[in-house]
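Trainee: I have a structure open and would like to learn how to read it feature by feature. Could you walk me through it?

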Amino acid sequence: MNKPTVSQLLQLLDKPALLGWANKIGLEGITLADYRKKSTKGGTDLHKEIELYVNDKIPFTDQETQKRFDKLFSDKEIISIESKIETDIFRGRMDLEMKFKSKSYVVDFKSSKSGVYFENILQLVAYRMAKKSDCIAVIQIPEMIFKPIEITDYTPYESILEALYIIWECKQSTINYLK
């Protein structure tokens, strides 16, 4: 049996805030597919520009974004970008690993202005489990704002991810019975 991705594990969670949001955009006459296509394109494009700049020194298309990125990373060291991660219970792809003030961070780029959700924290904790990093953070794009997430005890989050893996395994073993 293949290991699930971090995203597959997180899809097992109920996300009640999404119901209200989906209803709101539906009432505005926007389909989820159209909204997702539009919102992910900008984030995906900027992710790619960041990766090209870090790996190949290809400048950003927008000079203001370039300046904000350079300013943000003037006192930080990028260890890896868009790297694969894997543990005994999941696999995935992490946006960024960096050092700042002698601490290592796993970082996810987020274009959402509405804050960091519980699922975002679980995603970052999963990356931290794989990379054994000290801390987790998000970088809000395109503004390039570094937002460390202060957690003193990661154990409950790690336990949730382990429980989700058990649920995923059980679900996988029952899928054949539903056919």
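**Reading the model**

Mentor: Start with a cysteine: Cys170 is partly exposed, because its relative accessible area is 45%. Buried means under 20% relative accessible area, exposed means over 50%, and partly exposed is in between, with a 1.4 Å probe and protein chains only. This is a predicted model, where local features need pLDDT of at least 70, side-chain atom pairs count only at pLDDT 80 or more, and totals for chains, interfaces and linings use all residues. Residues are numbered from 1 along each chain as its sequence is written, and side-chain values use heavy atoms, with hydrogens and water left out.

Trainee: Is Cys135 buried or exposed? And how many disulfides does the structure hold?

Mentor: Cys135 is buried, with a relative accessible area of 13%. A disulfide is a pair of cysteine sulfur atoms within 2.5 Å, and the structure holds 0 of them.

Trainee: Next, the strands. What is the order in the sheet?

Mentor: Strands (E, at least two residues) and helices (H or I, at least four) are DSSP runs, numbered from the N terminus. Two strands pair if DSSP finds at least two bridges between them. Here you get an open sheet of 5 strands, ordered E1-E2-E3-E4-E5, and the pairing is mixed. E1 and E5 are the edge strands, each pairing on one side only. On average, neighbouring strands of this sheet are turned by 35 degrees against each other, direction ignored. For such angles, axes are lines fitted to C-alpha atoms, for helices over the stretch in contact, and angles run from 0 to 180 degrees between N-to-C directions.

Trainee: Which way do E1 and E2 run?

Mentor: They run antiparallel, joined by 8 bridges, and form a hairpin with 4 residues between them. Ser83 stands opposite Met94 in E2. By contrast, E3 and E4 pair in the parallel sense over 6 bridges, and Phe109 has Ile139 in E4 as its bridge partner.

Trainee: How do I read a helix, say H5? How many of its residues are buried?

Mentor: Check the span first: the expected value is 1.5 Å times one less than the number of residues. H5 (residues 118-131) has 14 residues and reaches 20 Å from its first C-alpha to its last, close to the 20 Å expected. Of those 14 residues, 11 are buried, so H5 is largely enclosed by the rest of the structure. Among them are Ile121, Leu122 and Tyr127. Lys132 follows H5 and has a positive phi, near 60 degrees.

Trainee: Last topic: aromatic rings. What describes a pair?

Mentor: A pair of aromatic rings is described by the distance of the centres and the angle of the planes. Rings of Phe, Tyr and Trp (its six-membered ring) pair if their centres lie within 6.5 Å; planes under 30 degrees apart count as stacked, over 60 as edge-to-face and the rest as tilted. The count comes to 9 aromatic pairs. Tyr53 and Phe69 have ring centres 5.5 Å apart and planes at 90 degrees, so that pair is edge-to-face. Tyr53 lies in helix H3 (residues 32-56) and Phe69 in helix H4 (residues 63-72), so the pair ties together parts 16 residues apart in sequence. Phe69 is buried, with a relative accessible area of 3%.

Trainee: Which residues make up the cluster linked by ring pairs?

Mentor: Tyr53, Phe60, Phe69 and Phe73. A charge can also sit over a ring: NZ of Lys or CZ of Arg must be within 6 Å of the ring centre and within 35 degrees of the ring normal. The charged end of Lys57 sits over the ring of Tyr53, 5.8 Å from its centre. Lys76 lies over the face of Phe100, at 4.4 Å from the ring centre.
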